[in-house]
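I set out these notebook entries in the order in which I looked things up. Each entry covers one topic.

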Amino acid sequence: MAKTRELLKIVDLHKAGVGYRTIGKQLGEKATTVGAIIRKWKKLTVDLPRSGAPCKISPRGASMIMRKVRDQPRTTRQDLINDLNRAGTTVSKKTISNTLCRHGLKSCSARKVPLLKPAHV
């Protein structure tokens, strides 16, 4: 089997359009070995699709969510869902929670009872 430098030479010659037999004669390898190396190289360099589903919320939508939560900490997830629906994105409450968690607001939830009641004002 060829060394790393020879493998790179084989790939470079193949990119230049040289045939398997010619590459084999130049580097002292068999044509089948050169073919196997080229096939393995092609298999490794193919751009495969990434694993997992694509993000539902765009980076712009995520920044909108973060801005709203930062400015109004008592914002509910339902309010954020409604804002995204108006922008044209349908998401669930869990997606909103995951997005907030991803941006460092792990336990961000709206306060159930406001600090001041109308009697206190």
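**Entry 1: Met 66**

I looked up Met 66 and found that Met 66 is buried, with a relative accessible area of 16%; buried means under 20% relative accessible area, exposed over 50%, and partly exposed in between, with a 1.4 Å probe and protein chains only. I am working from a predicted model, in which local features need pLDDT of at least 70 and side-chain atom pairs count only at pLDDT 80 or more, while totals for chains, interfaces and linings use all residues. I number residues from 1 along each chain as its sequence is written, and the side-chain values use heavy atoms, with hydrogens and water left out.

I placed Met 66 in helix H4; helices (H or I, at least four residues) and strands (E, at least two) are DSSP runs, numbered from the N terminus. Leaving aside neighbours within four places in sequence, I found Met 66 in contact (heavy atoms within 4.5 Å) with Leu 100, His 103 and Leu 105. From C-alpha to C-alpha, Met 66 and Leu 105 are 8.9 Å apart in space, and 39 residues apart in sequence.

**Entry 2: Lys 106**

I then turned to Lys 106, in the segment after H6. Lys 106 is exposed, and I noted a relative accessible area of 73%. Not counting residues up to four places away in sequence, Lys 106 touches Leu 100 and Cys 101.

**Entry 3: helix H5**

Which residues of helix H5 are buried? I listed Leu 80, Ile 81, Asp 83 and Leu 84 within H5, which spans residues 77-87. Seen down the axis of H5, these residues fall within an arc of 160°, so they line one face of the helix; the arc is that of the directions from the helix axis to the C-beta atoms. I recalled that an α-helix has 3.6 residues a turn, so residues three or four places apart point the same way. The buried residues of H5 pack against helix H4 (59-71) and helix H6 (93-102). Just after H5, I noted a positive phi of about 100° at Gly 88.

**Entry 4: helices H2 and H3**

I examined H2 (residues 20-27) and H3 (residues 31-45), which pack at an angle of about 110° with axes 8 Å apart. H2 and H3 are therefore roughly perpendicular to each other, a label for angles of 65 to 115 degrees. In this contact, Tyr 20, Arg 21, Ile 23 and Gly 24 of H2 meet Ala 31, Val 34, Gly 35 and Ile 38 of H3.

The UniProt record, an unreviewed entry, places the feature "domain: Sleeping Beauty transposase HTH" at residues 9-44. I found this span to be 81% helix and 0% strand, with its end C-alpha atoms 17 Å apart.

**Entry 5: the chain**

I counted six helices and zero strands in the protein chain. Buried residues make up 21% of its 121 residues. Among contacts between residues at least 6 apart in sequence, 51% join residues at least 24 apart.

Notes:
Axes are lines fitted to C-alpha atoms, for helices over the stretch in contact, and angles run from 0 to 180 degrees between N-to-C directions. Angles under 35 degrees count as roughly parallel, over 145 as roughly antiparallel, 65 to 115 as roughly perpendicular and the rest as oblique. UniProt positions are given in the numbering used here, feature names are shortened, and annotations may be inferred rather than shown by experiment.
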